[in-house]
2 protein chains.
Amino acid sequence: MDIAILIYDRLTALDAVGPYEVLSRLPGATVTFVAEEPGPKRTENGRLALLADASIAELPSPEVLVVPGGYGQADLMEEGPVHEWLRKAHETSTWTTSVCTGSLILAAAGLLSGVRATSHWLAIDELGRLGAEPVSERVVFDGKIVTASGVSAGIDMALALAARIVGDRVAQAIQLSIEYDPQPPFDAGSPEKAQAEIVELVRSHARFEQVQAATRDGR
Amino acid sequence: MDIAILIYDRLTALDAVGPYEVLSRLPGATVTFVAEEPGPKRTENGRLALLADASIAELPSPEVLVVPGGYGQADLMEEGPVHEWLRKAHETSTWTTSVCTGSLILAAAGLLSGVRATSHWLAIDELGRLGAEPVSERVVFDGKIVTASGVSAGIDMALALAARIVGDRVAQAIQLSIEYDPQPPFDAGSPEKAQAEIVELVRSHARFEQVQAATRDGR
């Protein structure tokens with residue numbers, strides 16, 4: 001089973017690596033990191049590069065597609081080779097998936113019209129404006145489209161997907177292999193659970209980062 | 001604050017990227033992926049490469065050290081430049097940390113003698129044989145040494161560490177930024193929680209992989 005994870009500059013690494021760590025353990029799975037052009041793709045802060053081993057043109061019809069998010073998502077909202085690839089690959093994929101703001105890219109490519117889908121909590125309204133039916137859940141299945149909320153949700157998404165693909169037994173074995181018995185030190189992982197002050201802190205920081213990024217890029 | 005994440009061939013990507021995603025968001029933090037030799041380091045299955053931007057020699061005294069695990073840990077158990085670097089860096093570090101079988105490397109370098117520490121559940125006995133005091137907990141603090149259990153536990157470790165470094169408020173903001181509100185589809189993430197049959201499945205698979213790796217390497 002061919003699994004393609006799309007990467008690009010200014011991605012969020014965990015969006016891609018969470019699902020990779022789960023899906024690469026599926027029996028018979030071959031995961032390939034693809035990009036419009038192969039080579040290193042750096043995260044938002046520039047401090048980590050993941051290598052894309054193949055171009056999207058080399059993998060036209062993976063069975064599973066994974067689209068991660070990150071600030072670089074903003075550069076993939078216009079019509080172009082990535083959108084064409086996504087639409088074409090989606091025609092024959094078994095599962096088309098996204099993590100975090102990756103769903104905005106799927107929506108911009110025209111794949112989420114009227115589809116129940118989720119995104120990072122800061123991007124859920126934007127997802128609605130792009131024609132999806134936004135849902136504030138951690139993992140959302142709608143037909144063969146599976147979307148996850150922010151960053152770390154890709155792990156939960158991939159485990160739920162693994163269960164659909166190979167059954168509960170192997171999915172549980174994968175969970176145990178990566179010792180995924182989460183014990184976060186705080187119960188602050190969603191805007192409903194975090195204190196209002198923390199939610200506002202993250203909101204204002206995200207706005208600041210966006211302004212910084214726009215200034216840096218001369219936009 | 002300089003944070004060095006040691007990478008090497010046949011590492012487990014999530015061991016490194018989980019802590020990266022949290023610690024890189026600390027105000028004033030600069031994360032660098034380091035290796036004995038800079039360049040791409042591939043995961044166990046060869047399907048993902050992370051780039052090491054610097055050699056360990058270029059970062060002799062980071063404030064925070066992170067040592068991930070993976071099958072490649074077995075190649076770092078002998079005395080050599082990595083052990084020398086770890087011992088030297090540990091002299092001045094504020095925090096010396098590991099994820100999964102990264103703790104076996106710390107132990108082999110002589111840093112865990114009599115130290116309460118943890119590792120992947122499959123490696124916890126080995127950790128004891130190497131002189132540490134093994135503890136089956138998700139995150140273990142002993143002085144400035146912090147160890148996490150398998151793979152995904154690096155996220156919990158990094159959040160707990162973030163709280164020590166900058167306080168609960170910013171740690172919670174980081175947790176909310178990466179929307180870490182885990183909802184695994186199964187309660188099978190530890191050997192105590194998974195069914196006995198699943199534990200045995202993972203155990204026998206790990207043995208099989210080790211034999212395969214040893215055969216491949218001609219050991």
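Author: A crossing of two helices counts as left-handed if the near helix is turned anticlockwise from the far one by less than a right angle, and as right-handed if clockwise. The model discussed here is predicted.

Reader: Which hand does the crossing of α5(B) and α6(B) have?
Author: α5(B) and α6(B) pack with their axes 7 Å apart, at an angle of about 145°. By the clockwise or anticlockwise rule, the crossing of α5(B) and α6(B) is right-handed.

Reader: Which residues of α6(B) meet α5(B)?
Author: From α5(B), the contact takes B:Leu159, B:Ala162, B:Ala163 and B:Val166. Residues of this contact divide into seven nonpolar, one polar and one charged. On the α6(B) side they are B:Asp168, B:Val170, B:Ala171, B:Ile174 and B:Gln175.

Reader: At what angle do α5 and α6 of chain A pack?
Author: In chain A, α5 spans residues 153-166 and α6 spans residues 168-177. The crossing of α5(A) and α6(A) is right-handed. Their axes lie 7 Å apart, and the angle is about 145°.

Reader: How many residues of the contact of α5(A) with α6(A) are nonpolar?
Author: A:Leu159, A:Ala162, A:Ala163 and A:Val166 in α5(A) meet residues of α6(A), among them A:Val170, A:Ala171 and A:Ile174. α6(A) also brings A:Asp168 and A:Gln175 to the contact. Besides one polar and one charged residue, the nonpolar ones number seven.

Reader: What area is buried between chain B and chain A?
Author: The size of an interface is often given as the accessible area lost when the parts come together. Chain B and chain A give 64 residues each to the contact. Carbon and sulfur atoms account for 58% of the buried area, which is about 5,800 Å².

Reader: Which element supplies the largest share of the side of chain B that touches chain A?
Author: Across the interface, 42 residue pairs are in polar contact. Elements of chain B that each supply at least two residues of its side include α1 (13-23), β2 (30-35), α5 (153-166) and α7 (196-216). That side divides into 33 nonpolar, 18 polar and 13 charged residues. With eight residues, the largest share comes from α6(B).

Reader: Which residue of chain A meets B:Asp53 in a salt bridge?
Author: Side chains of opposite charge can pair when their charged atoms come close. The interface of chain B and chain A holds six salt bridges. In one, at 2.8 Å from N to O, the partner of B:Asp53 is A:Arg42.

Reader: How many residues apart in sequence are the parts that A:Asp75 and A:Arg10 tie together?
Author: The whole structure has 20 salt bridges over all chains. A:Asp75 and A:Arg10 form one, with the closest N and O atoms 3.2 Å apart. A:Asp75 lies in the loop between β6 (64-67) and α2 (81-92) of chain A and A:Arg10 in the loop between β1 (2-6) and α1 (13-23) of chain A, so the separation of the parts tied together is 65 residues.

Key:
Residues are numbered from 1 along each chain as its sequence is written. Chains are lettered from A and ligands numbered from 1 in the order in which they are written. This is a predicted model: local features need pLDDT of at least 70, side-chain atom pairs count only at pLDDT 80 or more; totals for chains, interfaces and linings use all residues. Side-chain values use heavy atoms; hydrogens and water are left out. Contact means heavy atoms within 4.5 Å. Buried area is the accessible area (1.4 Å probe) that two parts lose on being put together, summed over both. A salt bridge is a side-chain nitrogen of Lys or Arg within 4 Å of a carboxyl oxygen of Asp or Glu. A polar contact is a pair of N or O atoms within 3.5 Å; within protein, one must be able to donate a hydrogen and the other to accept it, and residues adjacent in sequence count only if both atoms are side-chain atoms. Helices (H or I, at least four residues) and strands (E, at least two) are DSSP runs, numbered from the N terminus. Ala, Val, Leu, Ile, Met, Phe, Trp, Tyr, Cys and Pro count as nonpolar, Asp, Glu, Lys and Arg as charged, and the others, Gly among them, as polar. Axes are lines fitted to C-alpha atoms, for helices over the stretch in contact, and angles run from 0 to 180 degrees between N-to-C directions.
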